[in-house]
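Subject: Structure handover

Hello,

Here is the structure for your files. My notes on it come after the model.

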Amino acid sequence: MSAVSASPAASGSGRGVPADPVRALRHALDRAARADPGRRFHALYDKVSRSDVLWRAWVAVRRNNGAPGTGKITLARVGEHGVDRLPGELAAG
């Protein structure tokens, strides 16, 4: 069983709260980091490039009026390009 699937957030609270896979991932990574403060996470790309994680990041960037990053891509330019295309293209690398 993976740490993510073992997380209580993966299956919801059991009280009618829907499962949140992004929250479950964050919870599992947090638990692993707290259990071993010296731990290095070498294989996270597959996790941060998931479409649900990327979509959650986009929502946070949009909500915070995020500034252009190293690629100098503005929120307006992403909107012109197509927000729905963004997570898939980022995941593909």
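This is a predicted model: local features need pLDDT of at least 70, side-chain atom pairs count only at pLDDT 80 or more; totals for chains, interfaces and linings use all residues.

Residues are numbered from 1 along each chain as its sequence is written, and side-chain values use heavy atoms, with hydrogens and water left out.

Fold. The chain has 6 helices and 0 strands; helices (H or I, at least four residues) and strands (E, at least two) are DSSP runs, numbered from the N terminus. Of its 93 residues, 18% count as buried (under 20% relative accessible area; exposed is over 50% and partly exposed in between, with a 1.4 Å probe and protein chains only). Among contacts (heavy atoms within 4.5 Å) with a separation of 6 or more, 44% are between residues 24 or more positions apart.

H2. The 15 residues of H2 should span 21 Å at 1.5 Å a residue, and the end C-alpha atoms are 21 Å apart, which agrees (the expected span is 1.5 Å times one less than the number of residues). Its buried residues are Val22, Ala24, Leu25, Ala28 and Ala32. Seen down the axis of H2, these fall within an arc of 165°, so they line one face of the helix (the arc is that of the directions from the helix axis to the C-beta atoms). The face turned away from the buried side of H2 carries the exposed residues Arg23, Arg26 and Arg34.

H4. Val53, Leu54 and Trp58 are the buried residues of H4. Down the axis of H4 they fall within an arc of 140°, so they too line one face. Their cover includes helix H2 (21-35), helix H3 (45-48), H5 and H6. After H4 comes Asn65, with a positive phi near 55°.

The largest pocket has a volume of about 350 Å³. A pocket here is an open set of points on a 1 Å grid over the protein atoms alone, where a 1.4 Å probe fits, with protein on both sides within 12 Å along at least five of seven lines; lining residues have an atom within 4 Å of a point. Of the 16 lining residues, Trp58, Ile73, Val78, Leu86 and Leu90 are the closest to the centre of the pocket. Helix H4 (51-63), helix H5 (75-81) and helix H6 (86-92) each give two or more residues to the lining.

Regards

Terms used:
Grid points are joined across faces, edges and corners, and a volume is the space filled by probe spheres set on the points.
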